[in-house]
Amino acid sequence: ALARQPAEPTQRDGRRMLLSHIDGDGFSNFSGVAAGQRSAEIVRDRILKKYPLPVTVSVIEAEIRGLIRTQRADDATALETIAREIFALPHVELASHTFSHPFYWIEGDRTASFYDEQILDLKSPYVKLDLEREIAGSVRCINETLAPPGRPVRVFLWSGNCRPPPEGIAITRRLGLENVNGGDTIISPRNRTLTMVAPRGVTWGDEFQVFAPNQNENVYTNNWRGPLFGTFSQVIDTFGLTEKPRRLKPVNIYYHFYSADYPASLRALETIHDWAMSQPLHAVTLSHYARMVRDARTTAVFAAGPERWHVVNRGDSRTLRLPAALARRIDLARSPGVTGWAEEGDQAFVHTDGSPLVTLALGAQPVAVAPRLESSSGEITFRTRTAARWTLAVKDLRPIELVVAGLPPAAAVRATINGDTSA
């Protein structure tokens, strides 16, 4: 349990990662922010269209189709239209939040007594929880009726107590989906203890569930007993405590559509997003993070000689954590696959180019001059990389900042960006 794992799924290309996802609950609610508008419309206009960040958005099939007992017959048409508009946004990754939103997934689960019902109150009888219907059925519905062409569902977000049986996780794996949610990372100034930081995931039989890096507004607002602004905005404190004195988690903005039910809770969302936009973070999708977590678990390190190692994985987990003193001795010429590193205190985050086999070789002393990538705010792909010339592609939804370190004093650098050359 205490073994050290060098693979680090909290950082990408020298920057702490940022990811965001929305559980589908409250999509159909009428908001108190603007008369006549649903909370999903408020989130669409005030959050999703305003902040250029990757975000994984889910819906509950029964809610979108108007199958809940309290819904009107004509609700489905309006809700499906809103869902299609949200899913059409270029920075939105599609996800399912089940068919009927089970509050517990395993019959007799010890947490089942916390809930008054197992599923939402549907118009038509649905007596026994059907894993295929909840997972494969809801994903198929979204893909066939709501998803833009060529952009299918990528993630399945667990609902309720987020404790699925291994058979459920196996279904997501069969469908080629990442499965996420669960965990209780709620460390705060009032709960300043590592027992309030969840692991990256948990095994269920032979399957693996990826936990959300951080908890949602339900926990911070005391289950909506309030206050609705000052409590969820304290997630920024959690982001700070999982960064220092040591990096434990990426930044994860995780909420439900019903955060747009009230002006105060919407203002908390805006405050959190404003903070995130002001930080030097590397934004990724939730599916990207989940792949990194799974890849980090199986990353293997093999000794290849004196102070030389082979690092083997699928190439999704592209960061290694080392003591800064060791990172300064990395011989990039003898380390194929290593693109550079960024130092933070006494630690260094070493980034790779995504090769499934990376070699890490140390020199006898710090290398005096060796160009290296220190950080990139966007996803970077190297095409060629020598001591004198780099050719690369980098992309992001925001203006990109790329930092190169290790150049000799007064070095002359010529950069050609999209055909425009400057010295």
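This is a predicted model: local features need pLDDT of at least 70, side-chain atom pairs count only at pLDDT 80 or more; totals for chains, interfaces and linings use all residues.
Two residues are in contact when heavy atoms of theirs lie within 4.5 Å.

**The nonpolar core**
- The largest nonpolar core has 66 residues, and Phe27, Leu48, Val57 and Tyr255 touch the most other members.

**Helix H4**
- H4 covers residues 131-145, which makes 15 residues.
- From its first C-alpha to its last, H4 reaches 21 Å, close to the 21 Å expected at 1.5 Å a residue.
- Still, H4 has a kink of about 30°, centred on glycine 137.
- Glycine 137 is also one of the buried residues of H4, a list that includes Leu131, Ile135, Val139 and Ile142.
- What do the buried residues of H4 pack against? Their partners are strands S3 (55-59), S4 (92-96) and S5 (155-157), plus helices H2 (61-64), H3 (75-87) and H5 (166-174).
- In any α-helix there are 3.6 residues a turn, so residues three or four places apart point the same way.

**Glutamate 132, a residue of H4**
- At the start of the helix, a side-chain oxygen of aspartate 130 comes to within 3.0 Å of the backbone nitrogen of glutamate 132.
- Glutamate 132 lies in H4 and is partly exposed, because its relative accessible area is 34%.
- Setting aside neighbours within four places in sequence, glutamate 132 is in contact with Gly137, Ile171 and Arg174.
- With arginine 174, the link is a polar contact of 2.8 Å between the two side chains.
- Phenylalanine 99 sits 33 residues away from glutamate 132 along the chain, and their C-alpha atoms are separated by 9.9 Å.

**Asparagine 161, a loop residue**
- Asparagine 161 is in the loop between S5 and H5.
- Is asparagine 161 buried or exposed? Asparagine 161 is buried, because its relative accessible area is 14% and the cut-off for buried is under 20%.
- Not counting residues up to four places away in sequence, asparagine 161 touches Phe103, Tyr104, Trp105, Asp109, Thr111 and Tyr115.

**Charged pairs**
- Side chains of opposite charge can pair when their charged atoms come close.
- How many salt bridges does the structure hold? There are 30 salt bridges.
- One of them joins glutamate 401 and arginine 15, with the closest N and O atoms 2.1 Å apart.
- That pair links distant parts of the chain: glutamate 401 is in the loop between strands S19 and S20, arginine 15 is in strand S2, and they are 386 residues apart.
- Arginine 15 is buried at 9% relative accessible area, whereas glutamate 401 counts as partly exposed at 45%.
- In another pair, glutamate 374 and arginine 372, the closest N and O atoms are 3.7 Å apart.
- Here glutamate 374 is partly exposed at 28%, while arginine 372 is buried at 12%.
- Elsewhere, salt bridges that share partners join Arg16, Glu243, Arg247 and Glu344 into one network.
- Within it, the side chains of glutamate 243 and arginine 247 meet at 2.4 Å, N to O.
- Glutamate 243 is buried at 18%, and arginine 247 is buried at 5%.

Note on methods:
Residues are numbered from 1 along each chain as its sequence is written. Side-chain values use heavy atoms; hydrogens and water are left out. Helices (H or I, at least four residues) and strands (E, at least two) are DSSP runs, numbered from the N terminus. The expected span of a helix is 1.5 Å times one less than its number of residues. The bend at a residue is the angle between axes fitted to the seven residues ending there and the seven starting there. Buried means under 20% relative accessible area, exposed over 50%, partly exposed in between (1.4 Å probe, protein chains only). A polar contact is a pair of N or O atoms within 3.5 Å; within protein, one must be able to donate a hydrogen and the other to accept it, and residues adjacent in sequence count only if both atoms are side-chain atoms. A nonpolar core is a set of buried Ala, Val, Leu, Ile, Met, Phe, Trp, Tyr and Cys residues joined through side-chain atoms within 4.5 Å. A salt bridge is a side-chain nitrogen of Lys or Arg within 4 Å of a carboxyl oxygen of Asp or Glu.
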